[in-house]
Amino acid sequence: MAAAATAFVGLGGNLGDARAAVLWALAELDRLPGTRLVRASSLYRSAPVDAGGPDYVNAVAKLATHLAPLDLLDALQALELQAGRERPYVNAPRTLDLDVLLYADRGLELPRLTLPHPRMWQRAFVLRPLAEIEPGLVPQGALETVSDQQITRCEK
């Protein structure tokens, strides 16, 4: 069997009990077929970017997975649906949002999935938790670029 790929997933939510939804999703990631949760960041609270609504609860997870990128995306979207995710309009508030940020060293540009995630380098709610669990992936300059975005580390 081929070695598992390393993937990073961004988690967030700002409707209902967002903290509980993110913690539930972290546990569910470890139950995906051929997938193991290697590490999860702390939870972070951040203001919405390019959207309205309440603050988000965010985290980043590191996975070892045998799922192909689109299969992983499908599994993540199934978890979002289980958590009551609706998509009434772009950047709408949500119960749970799960994004594939990075998948191995792969670059990918498909209608459903772009890797690396096209906006991850513009988002403190991605870069801070990612730097926490995999500091070598996030240059200091990238963190400085998003330093004006309000984000607070929370307790799990």
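Start with what covers the buried residues of helix 2. Select strand 1 (5-13), helix 1, strand 4 (56-65), strand 5 (97-103), strand 6 (108-109) and strand 7 (114-115); the cover includes these elements. Cover here goes by contact, meaning heavy atoms within 4.5 Å. Buried means under 20% relative accessible area, exposed over 50%, and partly exposed in between (1.4 Å probe, protein chains only). Helices (H or I, at least four residues) and strands (E, at least two) are DSSP runs, numbered from the N terminus.

Before moving on, note that this is a predicted model, in which local features need pLDDT of at least 70, side-chain atom pairs count only at pLDDT 80 or more, and totals for chains, interfaces and linings use all residues. Residues are numbered from 1 along each chain as its sequence is written, and side-chain values use heavy atoms, with hydrogens and water left out.

**Stop 1: helix 2**

Select residues 69-82. Which residues of helix 2 are buried? They are Pro69, Leu72, Leu73, Ala75, Leu76, Leu79 and Glu80. Look down the axis of helix 2: its buried residues fall within an arc of 160 degrees, so they line one face of the helix. The arc is that of the directions from the helix axis to the C-beta atoms. An α-helix has 3.6 residues a turn, so residues three or four places apart point the same way. Now turn to the other side of helix 2, where Leu81 and Gln82 are exposed.

At 1.5 Å a residue, the 14 residues of helix 2 should span 20 Å, and its end C-alpha atoms are 20 Å apart, which agrees. The expected span is 1.5 Å times one less than the number of residues. Step just past helix 2 to Gly84, which takes a positive phi of about 85 degrees.

**Stop 2: the largest nonpolar core**

Select Leu11, Leu29, Leu32, Leu72, Leu76 and Leu98. Of the 29 residues in the largest nonpolar core, these touch the most other members. A nonpolar core is a set of buried Ala, Val, Leu, Ile, Met, Phe, Trp, Tyr and Cys residues joined through side-chain atoms within 4.5 Å. Strand 1, helix 1, strand 4, helix 2 and strand 5 each give two or more residues to this core. Its largest share, 6 residues, comes from helix 1. In soluble globular proteins, nonpolar side chains tend to be buried together.

Centre the view on Leu32. Leaving aside neighbours within four places in sequence, Leu32 is in contact with Leu67, Leu72, Ala75, Leu76 and Leu79. Another core lies apart from the largest one; it has 17 residues, among them Met120, Val126, Leu127 and Ile151.

**Stop 3: helix 3**

Select residues 124-133. Here 7 of the 10 residues of helix 3 are buried, so it is largely enclosed by the rest of the structure. The buried ones are Ala124, Val126, Leu127, Pro129, Leu130, Ala131 and Ile133.

**Stop 4: loops and a helix residue**

- Pro33 sits in the loop between helix 1 (18-29) and strand 2 (35-40). Pro33 is exposed, with a relative accessible area of 55%.
- Ala104 is in the loop between strand 5 and strand 6. Its phi is near 50 degrees, a positive value in a residue other than glycine. Ala104 is partly exposed, at a relative accessible area of 39%.
- Pro116 is in the loop between strand 7 and helix 3. The peptide bond from Leu115 to Pro116 is cis, with omega near -10 degrees.
- Pro139 is in the loop between helix 3 and helix 4 (140-145). Pro139 counts as partly exposed, at 46% relative accessibility.
- Arg19 belongs to helix 1. The C-alpha atoms of Arg19 and Arg153 are separated by 12 Å, although the two are 134 residues apart along the chain.

**Last stop: the whole chain**

Zoom out. The protein chain has 4 helices and 8 strands. Along the sequence the pattern is β-α-β-β-β-α-β-β-β-α-α-β. The radius of gyration, taken over C-alpha atoms, is 15 Å, close to the 15 Å that the globule rule gives for 156 residues, so the chain is as compact as a globular protein of that length. That rule is 2.2 Å times the number of residues to the power 0.38. Buried residues make up 46% of the 156 residues.
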